[in-house]
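These are my notebook entries on one protein chain with its ligands. I set down each item in the order in which I looked it up.

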Amino acid sequence: MEQNNKTDSESISNYKKDLLDQTFRDSVSTISKEGNRNYVNPQKPNGKLYNLRSYFSYFYLILFFTLPFIKVEGEPIFLFNVLERKFIFFSKIFWPQDFFIFAIGFLTFIVFVILFTVGFGRIWCGWACPQTIFMEMVFRKIEFFIDGDANQQKQLKAMPWNTEKLLKRGAKIIVFFFLSFLIANFFLGYIIGIDEVGVLVKEGIFVHFGTFSALVIFTLVFFFVYYWFREQACIIVCPYGRLQGVLLDRNSILVAYDYVRGEPRGKLTDTTTEKGDCVNCHACVRVCPTGIDIRNGTQLECVNCTACIDACDEIMDHIKKPKGLIRYASENGIALKQKMTYSWRLKMYTLVLSLLLGFLAILLITRADIAARILRTPGQTYQLLADNKISNLYNIKLVNKTRKNIHLDLKLENIEGEIKQIGPVDVPKESYFQTSFFITLKNEKLKSRKTKIKIGLYENGHKMDELTAVFLGPSI
Ligand code: SF4
Ligand code: SF4
């Protein structure tokens, strides 16, 4: 046991000595010293985790392509219509007036992501992020099918233009472009609704030129990202990867290389010195879609795709050593053999997340079906009427958040008087509505120049909301 501990600490210190040269962290793996692109041609992954990720991606893709067609009461269950400022989550419509709920929901999501990242690293990137799913599980598979594996891809790139290269490049561009166009259609479907996209197809591009332009822009962006930009989106553009440095700690579970077991690395055939389990075959590097060597430790480029785990497990199988030299593990798990602990940091995040979730639930449950605002008509003070009565003119603005038309009656709640509506308050479903009305009070009811009045909004006798306004009268 003592001997084992000694060996472990020797491995750790040797490994750390090696890692003193951390200059590779000064640049990203896909950009050369001269600033050129290091184009990554990863080898096709193969193994248990890759198969699992494939099954997961089928589920995800089915969801992505079917959700826009699923409707509840004629509305999609998800819609992010920024143009009309209408958002639907799980069939519940949100309006700009629900901004507070939106902000709390967003904050809850951020805390959830932080909690999840502190505990399980970038598991989201490898298993659920749409960029990784489309890149690795759709476009990369098509590329392997058309161009062949990594070596064949490199050969194709190096060869002069001939029939084979023309055919393969042409096929790849056509298929990638068609898929980008398809994804752009559905992406747009999540923004304006899939029916609207259908209308564009039926009525032609000239009638809906704005929608068509958006479709073209999305298609070109997707094509650019999946054909050329690729892993750069995760490394350079996505801010989540860069947050790792502050979110991860020594207990976070990540795709990690067990340097205690693996070092000192060396060829299997080299029996002159005592070696660790890593045979320095570079299989883990060859499959990495971001072109890094996981044996250098946690790096911002790693999207936790697990391809290196599968590659190394295959090698371990081959050389009859236990699998898991690269595996999901924490730094403390590897260096100190500690099991994952529920740290104070995790506990605090959990507490904040629970509070936010509770608050969000209350906001959602108590959310009113209508939002209303009453303002005195600008430029008007009060009118003196016969019988010693005074009237004020008001504007009311309403939002109907439901899927049914609502007719409202206005009633004075805290003072005796009369409301004269200019027209009926009929608020169409999922719409804004505005009208004006007079409130007339007897002068003797007023106790000061400004009187606070309460107005109830009723639908079929059921009180929907109560608003306050100020009634102006002559000085007393
Ligand atoms: S290091 Fe491993 S898990 Fe990370 S991106 Fe590369 S292959 Fe995927
Ligand atoms: S695949 Fe495994 S054995 Fe080969 S270099 Fe990577 S860590 Fe070492």
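Predicted model: local features only at pLDDT ≥ 70, side-chain atom pairs only at ≥ 80, totals over all residues.

Residues are numbered from 1 along each chain as its sequence is written, and chains are lettered from A and ligands numbered from 1 in the order in which they are written.

Entry on ligand 2. I took a residue as near a molecule if its C-beta atom, placed from the backbone, lies within 6 Å of it. I found 15 residues around ligand 2, with C278, C281, A283, C284 and C312 the closest. By class, this shell holds 11 nonpolar, three polar and one charged residues. I then asked which helix gives the most to the shell around ligand 2. It is α14, with three residues. Helices α13 (283-286) and α14 (307-318) each supply at least two residues; helices (H or I, at least four residues) and strands (E, at least two) are DSSP runs, numbered from the N terminus.

Entry on ligand 1. I found 14 residues around ligand 1, the nearest being C288, I294, C302, C305 and C308. The shell around ligand 1 has 11 nonpolar, three polar and no charged residues.

Entry on a helix pair. I looked up α7 (residues 163-192) and α8 (residues 194-203), whose axes come within 6 Å and cross at roughly 120 degrees. Axes are lines fitted to C-alpha atoms, for helices over the stretch in contact, and angles run from 0 to 180 degrees between N-to-C directions. The contact (C-beta atoms, placed from the backbone, within 7 Å) is made by N185, L188, G189 and I192 of α7 and I194, E196 and V197 of α8. I counted its classes as four nonpolar, two polar and one charged residues.

Entry on backbone geometry. The peptide bond from E263 to P264 is cis, with omega near -10 degrees; I placed P264 in the loop between α12 (259-262) and α13. F90 is not a glycine, yet has a positive phi of about 45 degrees. I located F90 in the loop between β4 (86-89) and β5 (92-94).

Entry on the whole chain. I recorded 16 helices and 16 strands. The C-alpha trace spans about 115 × 65 × 40 Å along its principal axes.

Notes. Nonpolar A, V, L, I, M, F, W, Y, C, P; charged D, E, K, R; others polar. Contact = placed C-beta atoms within 7 Å.
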